Amino acid sequence: LKALKRYLCLSRVKLRKIILRQPTIINCKFEDNIKQTLEDLNEYLGLSKDEQRKIVLSIPAIIGYSFERTIKPKLEEVKGYLGLSEGELRKLVLGGPTIIGLSFDGNIRPTLRAIKEYLGLSDNELRMIVIKGPSIIGLSFDGNIKPKLEVLKECLSLTEVEMRGIVLNAPWVISTSRVGLRP
């Protein structure tokens, strides 16, 4: 734990937060597991220590993941599916680090596909929405995104075209609290 604290320049409070959220990391060997995963992720995305720390604080479970078997294949799938550049993938991960803990086939692809179909988006439009609002990639379409869009549509009496335009211009509305959308 001391090595992790030192490596990520964590305060005692931040280390405690990580351990409380992911106690299994106590069993991980720093040199063999944690350090290798963080170094591989850093090399792949070009992260600073502050950015690494942000990711670990957002999703402590990453410490126990294998970069080669779990993280890299998932990020490659997202990158390919959305046609992202390396810089865009980096921005996506930094804006929504929880993507690392999601299943591509079980969570990410179905959400992206549903957003695209519901709003009638092109591949490039979907890509731009995700780049502008990376946190949407971790939201449930049926349980979160669709109800928000329906409330927005109803409150403002929007047509499909108008709704699509709003999301294209301000993708953050997808991750806005539904309470904030009520008149």
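What share of the 183 residues in the protein is buried? Buried residues make up 43% of them, where buried means under 20% relative accessible area, exposed over 50%, and partly exposed in between (1.4 Å probe, protein chains only).

## Basis of the model

This is a predicted model, in which local features need pLDDT of at least 70 and side-chain atom pairs count only at pLDDT 80 or more, while totals for chains, interfaces and linings use all residues. Residues are numbered from 1 along each chain as its sequence is written, and side-chain values use heavy atoms, with hydrogens and water left out.

## Overall fold

The protein has eleven helices and zero strands. Read from the N terminus, its elements run α-α-α-α-α-α-α-α-α-α-α. Helices (H or I, at least four residues) and strands (E, at least two) are DSSP runs, numbered from the N terminus. The C-alpha trace spans about 55 × 35 × 25 Å along its principal axes.

## Positive patch

On the surface, Lys2, Lys5, Arg6 and Arg12 gather in a patch of positive charge. Helix α1 (residues 2-7) gives the largest share of this patch, three residues. Arg6 lies in helix α1 and counts as exposed because its relative accessibility is 61%.

A patch is made of residues with over 30% relative accessible area and no salt bridge; like charges are joined within 9 Å, and nonpolar side chains (Val, Leu, Ile, Met, Phe, Trp, Tyr) within 5 Å. A salt bridge is a side-chain nitrogen of Lys or Arg within 4 Å of a carboxyl oxygen of Asp or Glu. Lys and Arg count as positive, Asp and Glu as negative, and His and the chain ends are not counted. The place of a charge is NZ of Lys, CZ of Arg, CG of Asp or CD of Glu. Accessible areas come from the Shrake-Rupley method with a 1.4 Å probe.

## Cysteines

With a disulfide taken as a pair of cysteine sulfur atoms within 2.5 Å, the count comes to zero disulfides. Cys9 is in no disulfide, and the nearest cysteine sulfur, that of Cys28, is 20 Å away. Cys28 is likewise in no disulfide. Cys9 counts as exposed, at 55% relative accessibility, whereas Cys28 is partly exposed, with a relative accessible area of 22%.

## Positive phi in two loops

Most residues other than glycine have a negative phi. Cys9, in the loop between α1 and α2 (12-21), has a positive phi of about 50° although it is not a glycine.

Ser157 also has a positive phi of about 50° and is not a glycine. Ser157 sits in the loop between α9 (141-156) and α10 (160-169), and it is exposed, with a relative accessible area of 61%.
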